[in-house]
Structure formats: structure tokens, C-alpha cells
Amino acid sequence: MRDVLSPFTAWKHLFREPVTVLDPLNDRPGADRYRGFHQNDLEKCIGCGTCEVICQNAAIDMVPVSDPEDGDSGLRPMIDYGRCCWCALCVDVCMTGSLTMSNDYVWADANPDVFRFTPGVDPKPWNEEEKGYQRPGARVLASTERVHMGERTAKDRIDNFEEIVAGYTREEAMIEADRCVECGLCVATCPAHMDIPDYIKAIREQDYDKGLQLLYQTNPFSEVCGRVCTHNCETACAARHDGDPIAIRWLKRHITDEVPYERYVDLIGKPEAATGRKVAIVGSGPAGLTTAYDLARMGHKVVVYEARKSPGGMPRYGIPEYRLPYDMLDRDIDVIRAMGVEIVCNTRIGEDITMETLRADNDAVVLSIGLHLGRSTRIPGAESPDVDTAVPLLRKITDGEEVPVPEKLVVIGGGNVAMDIARSMARLQQVKHGKVGVTVTALESFDHFLADADEVRESREEGIEIFDARGPQEIVTFKSGKRKGRVKGLRTWLCDSIFDDQGRFNPHYDESDELVHPADMVIEAIGQAADVSILGKDLTEALEWTRGRIRVDVDGQTSEPWLWSAGDCVNGPDVVHAVADGHRVAQSINAMLAAKEEAAT
Amino acid sequence: MRALYDRLKDRFQLGELTRQRPDLGFVTVGRDHLRALLVELKDVEGFTHLVLFTAVDWLEDGQFQLTYLLNNRATAQDLGVRLMIPREGASMDTIHDLWPTAETYQRELYEMFGIDFPGSPRVDEDFILEGWTDLPPNRRDFDTKEYSEATFAERAGRESHDPRDHMKQKLYPDGE
Amino acid sequence: MSFEWIQIPYALLTLLIVFVYGVFMTTIIRKMGARAGGRYGIRLYQTFVDLAKNYALRSHISHGIMFYLGPVFRLTGGVGLILFVPTIYGSVMHQNFAFAGDLVLALYFVFFGTLGMALGAGESGHPYSAVGITRGLSQMTAAELPFVLAVFAVSLQYQTLSITEIVAAQQGGFLSWTLFTNPIAVVAAMIGFLGTMMRSPFDVFLAPQEIPIGPPTEFHSAYLALMQTNRILFPIAKIVIYMNLFFGGATNWPVFFLKVFLIYLVSALVGVVFPRFRVEQSIRFFLIWGLPLGILSILIV
Amino acid sequence: MFKIEPDRSQYPAHNPDGSCDIDLSSGKYVKIWHGPNHPGITGNMSLELTICGDEVVEGRTRVGYLHRGFEKLMERRTFIQVFPIVCRVCVPEPDLNEYCYAAAIEELAGIEVPDYANWMRTLILEMGRFNSYMMYLGGQSGSLGMGVIGQWTTYVRDLMLDRFEELTGARVYHMFILPGGVRDVLPDGFAARMEETLKTAERYLDDVDKVMFQNAVFNKRTRGVGYIDPALFDSYGVTGPTARAGGATTDVRRDAPYLKYDELDFEPVTGTDSDIWARADVRRRDTRLSIDLIRQILVKMQKPGEYFAKIPNVLHWKIPYGETYIRGESSRGEYGYYLVTDGTGYPRRINVRGPSYTHAMALLERLIVNTNISDVGALMVSLHTYPPEIER
Amino acid sequence: MKDEKYTPLPRRPIGLDREELKKRTVTAPDGQTFEVDPIRDYYCQDAPKAHQRSYIKIVEDFFNWCRAESLWILGYGTGCGAIEMRPLMTPRFDAYRYGIQWRPTPRQANLLMISGYLSVKTLKRAIRSYEQMQNPKYVVGLGSCTINGGMYWDSYNTIKKLDEYLPVDLYIAGCMPRPEALLAGFEDLKKIIKAGGGEGANKYAENFEWYKANQKSVIKDWDMPDYNW
């Protein structure tokens, strides 16, 4: 009986208010975490395409929205809602965190072709929606932390010029290489357009031979670049936006570390058959030698003329050994030599051989003389004998010549050269005096510092004092006494802006904030200049110039049809840029030679 | 698990025991001993529950791996029995008389892998697919994407760009 | 009672009122069912819209003459029932075509629609229809048994076969209703009533979860609309009989509306909260509970 | 008295395996299709019934309407790309797929999942089980023509879906259990809102008890119907509540505890009769157990902590050769993933073992013989089959 | 890597070769014998016709209003989207109050919900269901899968573009669309129908050849006549 009556209790619901949502369309926004339709912050998005890669539905297309620039491909994800499954893996993996999801979920249309849109570009009602799925916390699908590179402690390294960083072990390199998402944004930023994602992939696959081949396709200075490259690529790295960029430079170095040096030449392969054409290159820096390497591989006969004792240019004479051991540089140069490049050292153009001779003897001449003259601030007191410029000093240190090592010195400048000379001098001080007394004053504030962050950090570890935003006003000298004319210190003002409204270099100082940095010696490291005196008067007049540099076209060709110029002397200081220049010039010369060949036959 | 393996190893010429977990092991057996081993496991050792029966296609080796996963409910242990059979003319003895439910598995394998089980009831009947004429779809040499693109129309008008190539095209078209 | 032409428009008016009322009652009962489930349910005018839509559908496919005639028969059953049963006692307008032996005719009409339906659905050739028809007929037969017995008991009790007279006999206070004068017959009849109302637990011949949805599986468009119209009219017509036979009839429309609604409610109250019997279970139910009660009621009379 | 049982002597004799010889041209039999377009079928599948009168003489389960080729698709997706599709294998209870897949990956890749993530997973699984049972209770009563239970349980399920939504960001496919952990921590105030939902659920379950289980007609329809001989459990791979209703005590949560089930206090629910009623009853009590477990979990779960293990970059995640089988207790029975990896970035083979695979095929075909056609729907629902996990 | 050595295993006949579709003689229990030709007996051979609208605009408008306010959904869950249909019809969202009801047979339904992906096997049934529905009838595609294949874009067993095979009136994006989105979609569909836009059935009849060719290119074992009402 109970079983017959008890079901009737269901009727009590008749007298209860129904539980129905009265206006389900407006009353029920998605939850805070709801994975609704996509949103994209166009400013943050860099178009790396990682979302496209991870999407298992092939729902995302990268479509051009703006012009590409460094670290931004100009592409933006377009999402096909005929494919999407709202799994939000694209949000989870987004390198910048720009891609998110709103909590909006209503979209019906009679036309099946409209369910495709570029979030952030196409106006959609949910574009401004605040709520919705965002990646909680850090990115977990691809690691955000760079693998720490082992290095010697400040104590260990301060009294010698041995290399500081240890290089990655295989395990470390694998982990670091694993972080790469292969977007390839870095390739465009790298002046030499190295196949960065591909050689990182070679590391992941432990195929170092292939990695080395990839390196040498675009860069014969892999050992050098693996250590001292300015790694612009890392500033374009997609991983930079949420975590550390991939240590591309160290990974490059890792490949060169792992492949036995004897196998290099085998792996790179033989140059092409000789063409009989001859090219002369002035200067054996990265630009010159890269040109030489490329041309030699194309089968041309190349002779490189170098004024100094050893080839290498700025990497040898400008970069201290603790950053770039010279035998590593020699290894690179030896590979280039193995391609048939002849390097003639101790031969200064204008003194030992003239440009005219070169022009007569060769089909083309490349001028890659670098920037080996230091610039001066020309502030009061700069003419003091205790004031020197950084580049010559570095050269002297490399050549083992005697340099003055005062107990207290000030470096003017905030670039890597300033760091190099400061740290080099610090080492010499440590050896000589047992303590470090170096102050660096930079015009730029730390927010816009020129030198690498690592350099700054390591310098500080080594006991170097760095003052930012200090504009040098006067090198204070002793006005009298035994040390009259010698340096007493450097007077600086706070610099509150470097550029004026038009963007011109016009620093503005706050005179109230004045400091005097005591010093026995001041080193200026504010820039370098090319030694163009070697060109001779006629050539100097024949060439076109722009702002004190030889004017070249995009291929590196000067206004003279036989003369090319490459490297720092046209571009400013940057190793990998010089390499890129070298490639370009080699291509251009090769095209010219081929045209000649064709005309001849 | 190890004790069980030692007991059965010589009688059925078992291969190495892979102990994936304390309660899960895999063991390889030859075709001649399979049935006897299954009967022994079912009737004597208490592995009465056929958890699953499936195949893995090792296309590169030209072999199918058949996996019979048995569960001993009392001890909560699982034993996977692996058997390799050649891909070509793949055929295997039916076990539907040991476990009636194996009939379903065998129908699926027949259809999805093209493995024959002579004597298994209704094994040649359509199971999941209907009127399938291509390669059995779970074989690894069957390319589902290719088939899908050839068979089912796709909505036109999509085009994607690889960031790397796009930047190359826009920024340094000559490859410099 | 002599026949007058004026009865035709009067009867049609009755039909209209009953139809409109039936639509709303169907809707309200459905809304009550919905409310028991915790929701609001369909809108009040929904049933009208559904009907209009079904009549307005453009295409229809016939499976043969009987397929077409089935719903017509069914509707004839419903309309005929209304027409031959006095709807409002004592009203000239709504007396309809009631006559001396109309109880037998009414019983005939109750079956008539079902048979027509059976033929029509059989013609549709759908196996579910066939299954539904078999179940429906067998269950209907079993369910009608107690009802018919109860009707016999009542007609024996009042010694007449005219519904009007039966109603007349029940006038004068609710204690003179058959409900109180012959409760056993009423219970037996109500059991049969449950069985014919196409609601759980005796809707196994519709059973959407088993044989979607039984006899009307193949019916659509206007055919379905006809059947829907019948679904609206027929229960009311049946209830009118019950009301007249057992609950004292109605002397005016408000009483009519109330009584019909309450009787309809009985089936809804049971239907919502019980699952359906299997066909042999329901037949057994009627045979075990309904039949003896029906016989008993006759014996008592 | 009034025994109107069908006369079985006129039906053909059945062989021991349930098959029988049917001569369709004799005109005695009618073939009818239950489904796929049929409201009494759980999901998109069909039964091909040969009936004689109201009696089923042969039944064949026809599946494949939902076949999407998951196992093939998984083979051409990277390990992370498989993650969004695993949940689609079983629509009403997707979370167990996510767990089984994630656990299989973690085992083969050697990843240790943080404790908090395990608690979260346990919570999600129990919530999913609750939802699945809610669908079942509505379906079981609905299959017998009582719609009102379905209204209530779907409403309660909807409330639980709200909890799912705020926790995971989706209603149906939660995609919350990533290989390596879970996506997020509990939102603020979740436990309180969950408690409210559970209270409502209990209130409605009380009503369900009264209206469904203390219902003369329901008992009549289900008692003694669809009996499964416990001796058949092993040969037909019967697991989960279906087996527990027949007195077996198999419950993966207890037999081979995974996640945090060994830290929870519970006993598997069992029944005795092994008929439809017993199965419904076991599930009803299991629903209550789930509620209890959710409460326990929310209490025992410690404060939010690390919820994701360190995993390699998913874009090129490779897992060395290995094979494993991960099982979990679903609302239908033993659910498992068999994963074989071969050292590449793609799985070699993933095989999903859904309980419906054995229940709805061989077992149902066997049970369905000699039942009344009216009971077919109820019988099938009582096995709690979800077709997508049969054909994947 | 294609293995050329595979020889297909024997299968039961497919398509029109199926055993149960052959002509056969049946003996009824009462001893009568008669011929059964399933294809001819069970199916209609006529192609569908496009049906005229009503000539009087106001009548057509009224009919359209009725059609829009009385949407009867065929209770056929073709894919996973069907799971959100249940909340839709139950207390929380209660679609009944918007004139949406479900019907168990295609004959009586006007609205076919393709709830997500369609496997080839289901497509066949969906087509048959659709053809059995009466003009005017509407199709709504739920979720990504019906728009462009969704997450099963590379599956060998699911179609990608639903409008190749059936005339679709409305698509609702989502995987799967929530009940609220469905309700919003229904409101849109009502607007379309009231504006006289729901002419999918006529479109289907007019482009019958094209639809049929598309259907047959996918369904390899076509075992029914071209049109089966």
C-alpha cells in the first residue's frame, strides 16, 4: 500500500515555485573561468603561431594583420569555429598570454562561412568581456625558466682571463632546447638569419652533426658567435614575453662544443671547383672572413690582408679572452683557412700594399676594416695623459703589451665595450693590487641599458661599481703639485633624458645631482671609429660617404664598382651583423663574377 | 607476479616478464602456447576476467601484437599476454569459447585491423563501420587524413602562414 | 425526444465550447505535469499553435485509404460521442442528440474510434504501429470490461439505457450520485477509466520509450492534427459519460468545467507519478481488480 | 489465476550461446529496429530485434553510429593534442577518460603528480560519477514511462554542472585533468556552494526514493526482470554497479585504489538480486556514496598547493617505449586506457576499454533473448550503456 | 609507408546486395504465401516535390508564425551535442515554454537537430529521418563539427560540411553549445521562419540531384532507393 501512495508525494512540487531560469539568455553569463569565445590582445600578441601548432583541430590560421617587425611576425591567429573545440590549449600555451577566452558563448548564424574570425581584429561583442578563461599562473606546457649556465664564481675568475662560462652539458642543453617552440621569430631578427629553430631541434634530437652543418650554412663564426654574439635573436624570442628567452647563443655554442673539431671540415664539405676569379679582402674580422669563406666555398680565390699580427679583427682585439678564448677564434679561422682562404697578416694597406694594387690584381676588393679607433668624449680634461680610449687598450691587453694599471679607474660608457675594458682592467688590478677599483658611469639608466644584463651582473659580482644615468662633465685633474695634469676623478651630472623631442641625441642633465668619482685613470668607451686613412686620398674622394661612414648599397657595394665594404665599418659594432654583411657581400660579388663569366662566354 | 611467472615460464616458454607496476605485468608468449596459457590462467591461476583484447600494429616489423589483458579479481593483479603474429594474412585462433565477450573484440579486430578469427561467431559481420571498402582503418598504413580529405568536402577559404616564412617573405625576400 | 433542426447548430456550439475547453484543459494538465517536474511547461495557447501548424504543413504522404480514414474514424468517434451524449443536463441547447437508448450508442462510439485507429495504423505498415495496435486493442478490451460491467450495473440500477434519465435520477444533492449510491461500480469504472485515458500506468500502447509512439507513429501533418483534435475532444466526451453516469452530470457550464477537470485530474494525478505497466501486467490488473469489482457491482445491484 | 504468460513453446529453441535459428520467411517473426532514432535507446545506437508476438527471440546490438575513429586520430596527434579528444570518448562522464589518459602518460613518462592535483582529480571524478548516476536514474524511470524523475535528476545534474563550470570552465567537456596535473585550483567559496548543491541533491534524492523506489508499478516492472546470473560475470566481463548488484564486491576504487581513494572512508555498495531493480538500487545508493565522498574530499583536501608537475615542452614531447593499462571505476564499471608508446612524439596505440563495450554487446544480446519487448528499453538502460565508449 | 600486401578479408555483402533486401517469398502463419520485395514495398520511389507557399501573404505569414512557435524536434541525438538537449527540455531551461517540444518519430517532427558530428553511418539515418519529415522542415547544426568538421576534421568516418548533404537553416557554434546558446539559436531560427526563410525542404527538392550525389559520394553502401520519403 505504501508503494501505491508514496509516489503521490511527487505532487508537492506542484505547489513549489518552478526552478526554471526565467531568462536564460541574460541571467546566465558563463562562469569566471568559462572557456567561451576567444579574445586576443593584439598589442601583446607576437604572431608566433604556437597556438596554431598546438591546436589539434587545425582550427587556427595565422593571417597577416600588420607589418612584421623584430620579434613580431605581424600575423595574428584566425580561429575557425568550424573546428575549435574550446580546449583552451592555445591559451595555455600562448607565449605572451595575449590569447584568452571570454565567457561569452552564444553565436548562431544561418551562414556557415561566418564562423571564422580573427580575435581582436574583427569586432565581436565579447571583445571587451572581462571574465573568461585566462591561463592561471605561469605557463606550464612549456617551461618558462632558462637552464642556468654553469659559470666560475667571481672569486675564481677575477684574477685571470680564463673563460667564465662552462657551457651546457648535454642534459642541460636538451632541457633548454626543449623549451623552444620553433616559432622562428628569431630567424628574421638574426642578421645572419641563422636557422635557429632547426639547430635547436638538432640538439633535441642529439644530431649534433646536422646541427653543425646548419650552423655553417649561415655562419662560419659559430665558435665566436656561440660566445659573444649580441644575440638579438633572444630579444625576439617568443619565450621572452613570459619567462626567460631561450639561451640560443649558449645552445649554438653547445653544438660546437659537442662536435669534435676534427670533423668540422668533413661535415661542412668541400668547396666548389675553382673558378679562377680572385678577390682581395682587407681586414680579417668576421665580416671579411665570412666574405672570404663564402667566396672560397663558391670556388673563388680569396686573399685576406690583415694589418695586425693575427687574424680575427675585433673578436680578437676587442673582446677579452675571458669571454672569448683565442684558441676558439683560431678554430673558426682555421676552418675558414681550410676552405682555401689565404690570410696575409702584418700587411697594412696603404703602407705595405695599396688599394690600387689590390684593385688591379683582383676582380673585386672588399673593405672590412672594422672600427679600431676609440672615440673621445672631448670633455674638459680629456686630453690628460691618464685618459685613454677602450679599444686601443683592449688591443694592447690582447697583444700582451704593457698597460697602465691604476688602483682606481673610471670607465665612461655603458655598452659592452665599457664592460669589457672595465672587467679586463679589474682583472689586471686584481693581479697587480690584489683588489678591484673600477667605476663605470653610463649615460643610460638601467631601464635602457646598452650592455647585456649578464655583463652588468657579472661585473658587479666582480666588484665593479656601476653608476647609471651619469653624464660626464669634466675629468678633474690635479691643478697643481707633483701630479699636476694627472687625473683626479670624474665629475658627472644626473642625466634625466638622452634624446630630445625630435629623437635626436641631446642629453639633458640635472645639475643639482653632481657626483665626483675619484680615479687615477679615465677610460672612454663611448664608441669607436674606422681608420679610413688607409684608403688613400684619391679613393677617399671618389667614394661617397654618409655620416662619416662609407656609403654602401644594400648589397654592400660602394659607389665604386669594384669595391665592397662590410662589417662594423659600415654597420657599427656587432659580430653577427658583420657575418650577415659578409654573406651579403659575398653573394653580391658572386653575382657580379657570374655576370662577368657569362659576358665572357 | 614474479612467482606466477616462474611457475609458468618453462611450461609455456614465456618471454621476459615486464613489470610495469607491482600489479601489472606483460609477458610474451608463442602462438602454440597461447591457448593453453590462457586456459591455465583462467582456470587455475584465477585470472578469470578478460579486461581487454586488442592489437597493436608494428608496421615497421611487419607484425601485429595481440594483447590479452587478464585480471585476477581476487588479488587485483593484471597480466598482459602479448603475442606477435605476422601482418600478412593475419589470422589467429578464436577464444570466444573461453570468454563469450571476446566475440565482440574479435569482430572489432577483424574489422579495424583485418585480423581473421576463423570460427568466431559473426566475425565477418559489419560491426562499427558500414560498407567499408578501404584498408582496415586501424592499420597504420591507412592514412585517415588523406582519406578524409579525399572523401569529405572541406569549407574553402582558409590559408595559414608560417611566421618564419612570412617574415622572410616580407623582410628579406631575397634570402639575405 | 423529437428531433429538431435547431439542434444541429446547438450541437455544433456545444462541440465548439467543448473543443476550446478541451484545448485549455489539455494544456493545463500538461502544465501541471510540468510543474510537478519543477518547470513551467508549455504556453497556454501552445496547443492551438501546434494544431494550426500541423494543419498547415504542406506535404503529407498517404499509405492508403484506411490510413486516411483512420484519423477520420477516430475523430468521428470523438465527435459522435459528444454529439450523442447530453452535455449539460436540462439545457435545451446542449442536450445534443441524446435519445432513449443512447448509452449503447455511446459505448459503441467509445470503441469505434479505437477500431478506426487500428485499421488506419495497420495500413501504415509500420511495425511499431502494429505492435501498438495489438497492445492497445488487448488492453482496451480488458480496460473496457470493468467499465462496461459498471455501466451495466448503473443501467440496472436506474433501469434505463438513456443517459439523460440516468442523470436525471442522480439530481438532488450529491448524495444521490452514483458515486455514493453504487460506489463499487464507480471504482470499477474508474479503473477502466484510467485504462482508457492513455496515461501511465496504462499507456503501454503509446510508450514513446519502447515503440515510438505506437499507433500514430506514421501519422503526420493533417492526419496527426485530426488525431490531436480527437485527443482533445475524446477524453472530454468520455469524461462526460462518466460524469453523467457516476457523478451526477452537470446542469450548467461551470459545473461541467469543474467536474470534467476534476475527473481528468484523476488520470493525470496517477499518470505523472507511475511508470507504465507492461501489457500483460495491465491486463492482469484489470482482470484482477477491475473485473471482480464490476461483477460485484452488478451483483449488488 | 489469470496467468497470461506467453507460451514459449512456439518460439524456437535457443542454443547455449543465445543464438537461435530463425526462418524469416516463415512469417512468424518480425524484425524491428530499436534505434538509432528511438527515444528509448541510450544515445545513438540500435538494437535489431527479431520478435515473435511481444517476445524477443533474437537481439543484435548495432553500434558504430558514433564512431569517430578516436584510436586512429589519437595515433596522429601528439601527446598533448590527444588530451582534448579523450574526454569525447564518453560524453556523460568524460572526466574518467581524462584521468586514465593522464595517468597512463604520467606513468610511462615518469611524472610525479602533486598531491593537491590528485585530490582535485578525485573530486572531479566523484562529481562526474554523480552526474552520470543522475542521468541514469532519470533514464531508468524514463524508460518505463515516468518522466518526472528525469526532470528532477536532470535539474540536480544541472546544478552539479554549474559547479563543474565554475571549477573547470566548461559544462560538459571539462578538459581539466591535463597530463601532469590539473588546470587550476578550487575557486573561492567552492566548498560552500558545493555543500548547498549536495543538500539540494539529497532533497531530490529523497523524493526519488519515494516516487521511484517505493513505487508499486516500478517494482512490478523491474523486480525479477533482466536477471544476470552472477556466474556469467567473468565470462561476459561484467563490472561495476551491474556486477555489484549481483553480490560481487568489485569496485576498482577499493580493489586497486587510485588517486586518493585509499585515504577515503567508504565501502562498495552491493546488492543481491541482480535484476533491474537491484541495479537501480545499487546506483541509487552509490549516488549517496558519491555525495558522501565529495564531502570527505572537500574536508581532507589540504589548502591549495602545487597543482601541476613539471613536464617537458608539450610541443615536442616524446615518451620512450612502454605499455601500460590504467583503470578507474566509472559509474558503469571498469574503465581503462591501454597505452603503447614507441619513443616518438605520438602514441603508438591507445585502446579504450569502456564498460559498455562488454555490457551492451555480448551481455545485452544474451539477456535480451526471451524478454518482453516492453522491457528491452529498461533492460538496456539498466546496464547503463553509453554508446560512444563502445565504438569510440 | 603503405603495405601493399593486404588482401581484404571476406565481408558480408553490402549495399543493395544485402540479403534482407533481396526479393523473397514469405509464408504467413495461415499458410498464405506472398512475395516481398523490400526495396519496392517498404520505400517510396517518388522524388520530392517543391511545395508552393500559400498565395495569400497574410495566410502564409500566419502559418509561418505557427510553424515558428511550434517547433517539434526530432528526438534523435546524432552526436554528443545531444547531451545538452536533456537540460534544455527539463526544468532548468524548459524549452517547452518557447514552443519547443520533442517528438519521437520523424513523421511528426519539423526540426532535425544535428547535434554535432555525423559519422557516415549516422548520416545515412539522418538523411532518411530528414526525408521522412514533412515540408516545411528545418535543420539546425550544433557545434563546430557541423560547420567544418570540428575536432574530427581528419577522421575517416565523419563528414565535415553538413550543408553538402542536407539544407541547413542555422548553425550554432560551440563544442558543445550550451542550452542557453541553443535557446538563443532557436530564437534566431524563429525569426528566420517568421520572415519566410525556412524553405530548406523546397531547396532540398529543387537541388535534389546535387544533394543525392553528395550523399552517395560519402555513403559507400547505398542500400535504399534514392528517395524514401
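**Contacts, sheets and domains**

Modeller: In this predicted model, 29 residues of chain C are in contact with 29 residues of chain D. Three helices of chain C, namely α5 (127-158), α10 (253-273) and α11 (279-300), each give two or more residues to the side that touches chain D. Among these, α11(C) gives the most, with 7 residues.

Colleague: What makes residues of chain C and chain D count as in contact?

Modeller: The criterion is that their C-beta atoms, placed from the backbone, lie within 7 Å. On that basis 29 residues are counted in chain C and 29 residues in chain D.

Colleague: What is the make-up by class of the side of chain C that touches chain D?

Modeller: That side has 17 nonpolar, 5 polar and 7 charged residues.

Colleague: How many residues do chain A and chain E each give to their contact?

Modeller: Chain A gives 25 residues and chain E gives 29 residues. On the side of chain A, the elements with two or more residues are α2 (24-27) and β5 (108-109). By class, this side of chain A has 17 nonpolar, 4 polar and 4 charged residues.

Colleague: How do you know that β5(A) pairs with β7 of chain E?

Modeller: Pairing requires at least two bridges found by DSSP.

Colleague: Why are β1 and β3 of chain B said to stand at the edges of their sheet?

Modeller: The sheet is open, with 5 strands in the order β1-β2-β5-β4-β3 and mixed pairing. β1 (17-21) and β3 (49-58) of chain B each have a single partner strand, so one side of each is left without a neighbour in the sheet. Neighbouring strands are turned by 20° against each other on average, direction ignored.

Colleague: Why is chain D called as compact as a globular protein of its length?

Modeller: Chain D has 13 helices and 6 strands. Its radius of gyration is 22 Å, close to the 21 Å that the globule rule gives for 392 residues, so the description holds. Of those 392 residues, 67% count as buried, the cut-off being 20 or more other C-beta atoms within 10 Å of a residue's own. The C-alpha atoms of chain D fill a box of roughly 70 × 45 × 35 Å along the principal axes.

Colleague: Into which domains is chain D divided, and which elements of domain 1 touch domain 2?

Modeller: The domain assignment gives domain 1 (8-62) and domain 2 (70-391). Their centres, taken over C-alpha atoms, are separated by 30 Å. The contact takes 19 residues from domain 1 and 21 residues from domain 2. In domain 1, β2 (46-52) and β3 (55-62) of chain D each give two or more residues, and the largest share, 7 residues, comes from β3(D).

Notes: Residues numbered from 1 in each chain as written. Chains lettered and ligands numbered in written order. Predicted model: local features only at pLDDT ≥ 70, side-chain atom pairs only at ≥ 80, totals over all residues. Contact = placed C-beta atoms within 7 Å. Helix = DSSP H or I, 4+ residues; strand = E, 2+ residues; numbered from the N terminus. Nonpolar A, V, L, I, M, F, W, Y, C, P; charged D, E, K, R; others polar. Axes fitted to C-alpha atoms, helices over the stretch in contact; angles between N-to-C directions. Rg over C-alpha atoms; globule rule 2.2 N^0.38 Å. Buried ≥ 20, exposed ≤ 12 C-beta atoms within 10 Å, placed from the backbone.
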